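Hi everyone, thanks for coming along.

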Amino acid sequence: MILTKEQKNILNTLIDKYERSASFRGESKKTQHFYVKPEEIYPKYLDEREYDFFVRLNQDIRDIKSKGYVTISEINMRVTKISLVYEKLHEVYAALERNPKRDKLLIINEILEGQKEYLLDLDSDSDIATALLEYINEQFRRLSLGKFPEYYEETEKDPVADYEDFWSALKYLIITRDDVYIRDVSVRLFSDSKRLEQLKGRISGCLYKYGNFPEKETVLEECGVIQTPSYVILRGPVEICFGEQFLDIGKLKGDIAFSTETLKGITGIKVNGKRVITIENLTSFHSITLSHGEVAIYLGGYHNRTKREFLKLLYLNNISLDFCHFGDIDAGGFYIYEHLRRMTGIPFRTLKMDKEMLALYSEFTKKLSLNDISRIKSLIEKYRNEEINNPESSRIIETLKYMIDNNVKLEQEAIQ
């Protein structure tokens, strides 16, 4: 039997209800019945001006009833309820040329089992591997509830192949060590320069949710996959060594930018001063007034592997200096600060990121969103657990509490 469009819509609606049910998950203690009213799918079924459609739909419904796929209830020739015949499920799936959800879940379960085995064999302590193992464990729970995994796109033409592409990209991020352009990676993995861009939102969302990245928008860049070359900008009394050649930035009137490719050639760094300040936003980098002996560094909005290696070399060559970070006084700013400390191992302190600045520039503050409040509360718990290891924690906790109590946050550009 070749189904009409209307018959397919009715049967697919009934199957969808079944696949979302406790019966499908094996959790129902009583027999469930799955039905739909014609007007729920086609409101014009009740419109007296649509008599021809009414007659045609009635015939379609009776045809699938004659095949035993459904039973119907009716009053005065009007169908009031279309119920799925559970015993005919296999035939209904076949008629729709639709794969049962249970079969899809089993395939996905096998994919996740394989990815978990790969990650455990890899024995990597990277943030990405740790995040993916946590993601997998949560998806096993979802599968047990009859749900598709997060970031699995049911609407794709071939959702399983799409999900495998998603995993191919995630695994690449674990093993890559150098900065690479997103289009180059895409061609390497998929022979398609635009494929990774299509997956970017889901990849970033997954790693941001289950990993430890400060901002969702910069996840790929922090993993070394970049759209265009990125730069580190420096100003202040610092000398950069490239093998046998030296560049004295302190003699320049302004600043100088190094691409991430150039950073790889740096062999030594000497700061002729007392403090190094990393700055989150470019406007603040240019407007901040530096005291004598201070070096300012703009990291280009995020810090990837190459930039972190540069910072580590800077620290090792100047370990006695004071290292500070100046960023937005909001959840994102503190997450960036925490990520910077953890990923570089440098004991950064915060600079101008305290409740005093919030009070001083109160006219420029903004209200917190619900997401801000949630992230700030998570940060408070995190810093409470780190008070012994980070002398800054108590002061940061005070600032975070002040933000919640006064419903404020502040962009660093407002601070003079």
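Let me begin with one term: two strands pair if DSSP finds at least two bridges between them. Helices (H or I, at least four residues) and strands (E, at least two) are themselves DSSP runs, numbered from the N terminus. A word on what you are looking at: this is a predicted model, in which local features need pLDDT of at least 70 and side-chain atom pairs count only at pLDDT 80 or more, while totals for chains, interfaces and linings use all residues. Residues are numbered from 1 along each chain as its sequence is written, and side-chain values use heavy atoms, with hydrogens and water left out.

First, the overall picture. The protein chain holds 18 helices and 14 strands. Along the principal axes, its C-alpha atoms fill a box of roughly 90 × 50 × 40 Å. How does the radius of gyration of the chain stand against that of a compact globule? The chain has 29 Å, whereas a compact globule of 416 residues would be near 22 Å. That radius is taken over C-alpha atoms, and the globule rule is 2.2 Å times the number of residues to the power 0.38.

What share of the residues is buried? Of the 416 residues, 47% count as buried, where buried means under 20% relative accessible area, exposed over 50%, and partly exposed in between, with a 1.4 Å probe and protein chains only. Contacts, meaning heavy atoms within 4.5 Å, reach across the sequence too: among those between residues at least 6 apart, 66% join residues at least 24 apart.

Helix α1 covers residues 5–19. Its 15 residues should span 21 Å at 1.5 Å a residue, and its end C-alpha atoms are 21 Å apart, which agrees; the expected span is 1.5 Å times one less than the number of residues. Buried residues in α1 include Ile10, Leu11, Leu14 and Tyr18.

Ser23 is partly exposed, with a relative accessible area of 22%. Leaving aside neighbours within four places in sequence, Ser23 is in contact with Ser28, Gln32 and Phe34. With Gln32 there is also a side-chain polar contact of 2.6 Å. By polar contact I mean a pair of N or O atoms within 3.5 Å; within protein, one must be able to donate a hydrogen and the other to accept it, and residues adjacent in sequence count only if both atoms are side-chain atoms.

Strand β3 (residues 78–84) has five of its seven residues buried, so it is largely enclosed by the rest of the structure. Strand β2 (residues 70–75) pairs with β3 in the antiparallel sense over six bridges, and strand β1 (residues 35–36) runs antiparallel to β3, joined by two bridges. Which residue of β3 is the bridge partner of Tyr35? It is Ser83, and Ser83 is also the bridge partner of Thr71.

β2 and β3 form a hairpin with two residues between them. Asn76 in the turn has a positive phi of about 50°. Met77, in the loop between β2 and β3, has a positive phi of about 75° although it is not a glycine. As a reminder, most residues other than glycine have a negative phi. At 56% relative accessibility, Met77 counts as exposed.

Finally, the six-stranded sheet. This sheet is open, with mixed pairing and the order β9-β6-β12-β11-β13-β14. β9 (256–259) and β14 (349–350) stand at the edges, each with a single partner strand, so one side of each is left without a neighbour in the sheet. Inside the order, strand β6 (residues 231–235) and β12 pair in the antiparallel sense over three bridges, and Leu234 has Ile297 of β12 as its bridge partner.

Let's stay with β12 (residues 294–298), where Glu294 lies. Is Glu294 buried or exposed? Glu294 is buried, with a relative accessible area of 7%. Its side chain makes a polar contact of 3.2 Å with the side chain of Arg275, and also reaches the backbone nitrogen of Ser291 at 2.8 Å. Not counting residues up to four places away in sequence, Glu294 touches several others, among them Arg235, Pro237 and Ile277.

That's my tour, and I'm happy to go back to any part of it with you.
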